[in-house]
Amino acid sequence: MTKIKILHVLTDFNIGGAGILLINYLHCFDREKYDIAVCLPRNAALKPQVEAEGYRVIELEHGQDKSFEMAAVPEFIKIFKAEKPDIVHTHSAFSAKLGAFLAGVKSRIYTRHCVFDMPKRLTTFPGKQINGFINNTLSTQIVAVAHAAMDNLTETGVDAKKITVIINGVRPIPSVSDEEKAKMRESLGISESTFVAGIPARLESYKGHSYLVEAIREVALKHDDVKFLFMGRGSEEENLKTQAKELGVDDKIIFTGFISDLVPYYNIMDLNLNCSYGTEASSMSLAEGMSLGVPAVVTTFGGNPYMVTEGVNGLLVPPKDSHAMAEAIIRVIDDKALLEHLGRGALEEYEKKFTAEAMTRSLEAIYDAEAARIGR
């Protein structure tokens, strides 16, 4: 049987959520059935990981970190005509979507990775109709990584019949030994008895860290033996450090900076946090924590309510509500039986819904249906 030929296109130079998701897919694809290559910007950070998984990389001269660049369109047309893929699957790369259409690729799949409040100009006439026409024309199928992402698409005119929701899946985070956990805690200045909560997220305003800092002040009034890991970098880092100092909780927060390997951090966390209010689809960080049995306290924004079920694998709070966030964290710290119950639920939910294998099988079903449609 001739393999189905697929080209993935990602224009991010550095590794973000879409890149991590793509690596999870690549690790799990049926290599006997699909011939897959990946288009990336020249010298992109993801290239070594793609090649380590055994896939070919086609390097791009144009379009780096841009959804659309006019010079990238003819480059994509040239690549697609030379490669003759059955399916082009783009990730936040409008230039590639347009190039695939103009090159006559019969199956064009696009993944919507983000969720945010859509501007009025795209949800009302004529912007909604124009946006819907463009996306419905350029894409034969669309993958939304959260139900909220599907809502974003449909409210801007995209045909719901073209959209399939596939929740982000991840490979399980490996568990480390008690000795390794103790060494990790020691390296961070955290005692064995300290309750540890972490938020793996870019330090940007829409991720809600400032509201968490306010919540930490309230938590610290009741529980002194707590630490919060802010894992990541971003434009708000200095503002958050200043805020923490002004509120007297700078000793409760550890700013780790960028972390290439989150495994040891997840292994010492008692609680995972997500405070987003501006953009959030289906958080891979939440799923990674769940794979280790780490429950979560999250806002009800975007895809979070699908990832976390109240009282099953975590607790839900309204966005931008520091008091509610603090109360939920305190509740988990105070009730060890609840923490254990939510931890068991986190692992069960991961195994049922959020594995990389389950995610990839769902995407392969779309590939198979598209291949049948175009006569492959």
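**Reading the labels on a predicted model**

Modeller: Ala93 sits in the loop between β4 (87-91) and α4 (94-102). Keep in mind that this is a predicted model.

Biologist: Why is Ala93 called buried?

Modeller: Its relative accessibility is 2%. Buried means under 20%. Ala93 therefore counts as buried.

Biologist: How far apart are the C-alpha atoms of Ala93 and Val38?

Modeller: They are separated by 13 Å. Along the chain, the two residues are 55 residues apart.

Biologist: Now Asp65. What makes its phi worth a remark?

Modeller: Phi of Asp65 is positive, about 60°, although Asp65 is not a glycine. Asp65 lies in the loop between β3 (56-60) and α3 (72-83).

Biologist: Why is Asp65 called partly exposed?

Modeller: Its relative accessible area is 47%. Buried is under 20%, exposed is over 50%, and partly exposed is in between. The value for Asp65 falls in between, so the label is partly exposed.

Biologist: What is the phi of Lys320?

Modeller: It is near 60°, a positive value in a residue other than glycine. Lys320 is in the loop between β13 (314-317) and α14 (322-334). With 47% relative accessibility, Lys320 counts as partly exposed.

Biologist: Which peptide bond is cis?

Modeller: The one from Phe125 to Pro126. How do you know that it is cis? Its omega is near 0°. Pro126 is in the loop between α5 (120-123) and α6.

Biologist: On to salt bridges. How many does the structure hold?

Modeller: It holds 22. Side chains of opposite charge can pair when their charged atoms come close.

Biologist: Why is the contact of Lys5 with Glu83 called a salt bridge?

Modeller: The closest N and O atoms are 3.4 Å apart. The cut-off is within 4 Å, between a side-chain nitrogen of Lys or Arg and a carboxyl oxygen of Asp or Glu. The pair meets it, so it is a salt bridge.

Biologist: Which parts of the chain does the pair link?

Modeller: Distant parts: Lys5 is in strand β1 (residues 4-10) and Glu83 in helix α3, 78 residues apart.

Biologist: Is Glu83 buried or exposed?

Modeller: Buried, with a relative accessible area of 16%. That value is under the 20% limit, hence the label.

Biologist: What separates Lys183 and Glu179 along the helix?

Modeller: About one helical turn, because they are four residues apart in helix α8.

Biologist: Which residues are joined into one network?

Modeller: Arg42, Lys47, Glu51, Glu59 and Glu61, by salt bridges that share partners.

Biologist: What makes the nonpolar surface patch?

Modeller: Ile130, Phe133 and Ile134 make it, with about 300 Å². Take Ile134, in helix α6 (residues 127-138). Its relative accessible area is 33%. Patch residues need over 30%, so Ile134 passes on that count.

Biologist: How many cavities of 30 Å³ or more does the structure hold?

Modeller: One. Rolling a probe the size of a water molecule over the atoms shows where empty space is left. The largest cavity has a volume of about 50 Å³.

Biologist: Which residues line the largest cavity?

Modeller: Gly208, Tyr211, Leu212, Cys275, Thr299, Pro318, Lys320, Asp321 and Met325. They divide into five nonpolar, two polar and two charged.

Biologist: What about the second largest pocket? How much space lies in it?

Modeller: About 610 Å³. Elements giving two or more residues to its lining are α8 (178-188), α11 (263-268) and α15 (336-353). The pocket is lined by 26 residues, with Arg185, Phe195, Met269, Asp270 and Leu339 nearest its centre. By class, the lining has 11 nonpolar, seven polar and eight charged residues.

How values were computed
Residues are numbered from 1 along each chain as its sequence is written. This is a predicted model: local features need pLDDT of at least 70, side-chain atom pairs count only at pLDDT 80 or more; totals for chains, interfaces and linings use all residues. Side-chain values use heavy atoms; hydrogens and water are left out. On a 1 Å grid over the protein atoms alone, a cavity is a set of points where a 1.4 Å probe fits but cannot get out, and a pocket is an open set with protein on both sides within 12 Å along at least five of seven lines; lining residues have an atom within 4 Å of a point. Grid points are joined across faces, edges and corners, and a volume is the space filled by probe spheres set on the points. Ala, Val, Leu, Ile, Met, Phe, Trp, Tyr, Cys and Pro count as nonpolar, Asp, Glu, Lys and Arg as charged, and the others, Gly among them, as polar. Patches are made of residues with over 30% relative accessible area and no salt bridge: like charges are joined within 9 Å, nonpolar side chains (Val, Leu, Ile, Met, Phe, Trp, Tyr) within 5 Å. Accessible areas come from the Shrake-Rupley method with a 1.4 Å probe; for residues, only the protein chains shown count as cover. Buried means under 20% relative accessible area, exposed over 50%, partly exposed in between (1.4 Å probe, protein chains only).
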